[in-house]
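Hi,

Here is the structure I promised to pass on.

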Amino acid sequence: MTIRKGDIYGFIGKNGAGKTTLIRLITGLIHKTNGEIELFGGSSESELNAARAMVGSLIETPAFYGNMTARENLEVSRLVRNIVGKSCIDEVLKLVGLEDTGKKKVKNFSLGMRQRLGIANALIGNPRILILDEPINGLDPMGIVEIRELLKKVNREKDVTILISSHILGELSELATCYGIISNGKLIEEISAEALNEKCRQYIELKVDDTARTVTLLEKDLQITNYEVLENKLIKIFDHLDEVGKINSVISRGGIIVEKIGVTGENLEEYFVSRVGGAENA
């Protein structure tokens, strides 16, 4: 598994595939029985322990003192972690949009506010990498959007690399710059968002009896130039996805037999299922 500086790495796998176990290994919550972990170039136990000081994490549900305010909870965390100076608390509260919560107790926070506080807690000490395990689980649509925009802001403004696991793959596709797919404890693929988008790109699949004449009609009568001619008399058209009927009509009137026409292409969920098999939750 390779996570590069500046990545937002989407970590995908079925329930039980090993996502949380790997995250716990990286953060030192459990110890490995085999294999190697390398963080920031170090792999010995002492190097890993030093490197983990540069890692912020939010694993599953964040735990806070309900009768304390957001600021008080972060102050406890700062002291426990021996982080010098209180200015970091104001900085992270502002970053996550909780600077005006005042004396409101955390027990009265919404789930979205708790998740943002969890991210704030993970960001104390200016980590170089942020590790998040299901940070949008249970949130309503507005809360999901808020967390998504917050993580983009953290990645962009704080230059923090992010590893995020989530079973809401449609939302992950709005955020990740690359992906790792795990199945039965093994990483089966790493792919950039650009490469995945190309693989999952939607297009009109057209099968005709005469590709040469069809291409002429596409360019001359429909002004379509973004296409690709394949074997077996197949053509992929990457534009005008909402004009399938018009394309079919023009080609048919040109005396060409249309054997197949329709919009196709995978999304992230479909690609994931095709790689690991089955329809279980990620």
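**The sheet and what packs on it**

Four strands make up an open sheet, ordered β8-β9-β7-β10, with antiparallel pairing; two strands count as paired if DSSP finds at least two bridges between them. At the edges are β8 (227-229) and β10 (258-264), each of which pairs on one side only. From one strand to the next the twist averages 15 degrees. Before I go on, a word on the source: this is a predicted model, in which local features need pLDDT of at least 70 and side-chain atom pairs count only at pLDDT 80 or more, while totals for chains, interfaces and linings use all residues. Residues are numbered from 1 along each chain as its sequence is written, and side-chain values use heavy atoms, with hydrogens and water left out.

Helices (H or I, at least four residues) and strands (E, at least two) are DSSP runs, numbered from the N terminus. The antiparallel strands β8 and β9 are joined by three bridges, and Glu228 has Lys236 in β9 as its bridge partner. Helix α9 (residues 211-221) packs on the sheet, where it touches β7, β8 and β9, and its direction makes about 20 degrees with that of β9. α10 lies across β7, β9 and β10 and runs at about 160 degrees to β10. Contact here means heavy atoms within 4.5 Å; axes are lines fitted to C-alpha atoms, for helices over the stretch in contact, and angles run from 0 to 180 degrees between N-to-C directions.

**The aromatic pair**

Rings of Phe, Tyr and Trp (its six-membered ring) pair if their centres lie within 6.5 Å; planes under 30 degrees apart are stacked, over 60 edge-to-face and the rest tilted. That rule gives one aromatic pair. Tyr203 and Phe238 have ring centres 6.0 Å apart and planes at 65 degrees, so the pair is edge-to-face. The two are 35 residues apart: Tyr203 is in strand β7 (residues 203-208), Phe238 in the loop between β9 (234-237) and α10 (244-253). Tyr203 is buried, at 13% relative accessible area, and Phe238 is buried too, at 14% (buried is under 20%, exposed over 50%, partly exposed in between; 1.4 Å probe, protein chains only).

Lys236 turns up again here: its charged end sits over the ring of Tyr203, 4.6 Å from the centre (NZ of Lys or CZ of Arg within 6 Å of the ring centre and within 35 degrees of the ring normal).

**Elsewhere: Gly10**

Gly10, in strand β1 (residues 8-13), is buried with a relative accessible area of 0%. Leaving aside neighbours within four places in sequence, Gly10 has contacts that include Ile164, Leu172 and Tyr179.

Cheers
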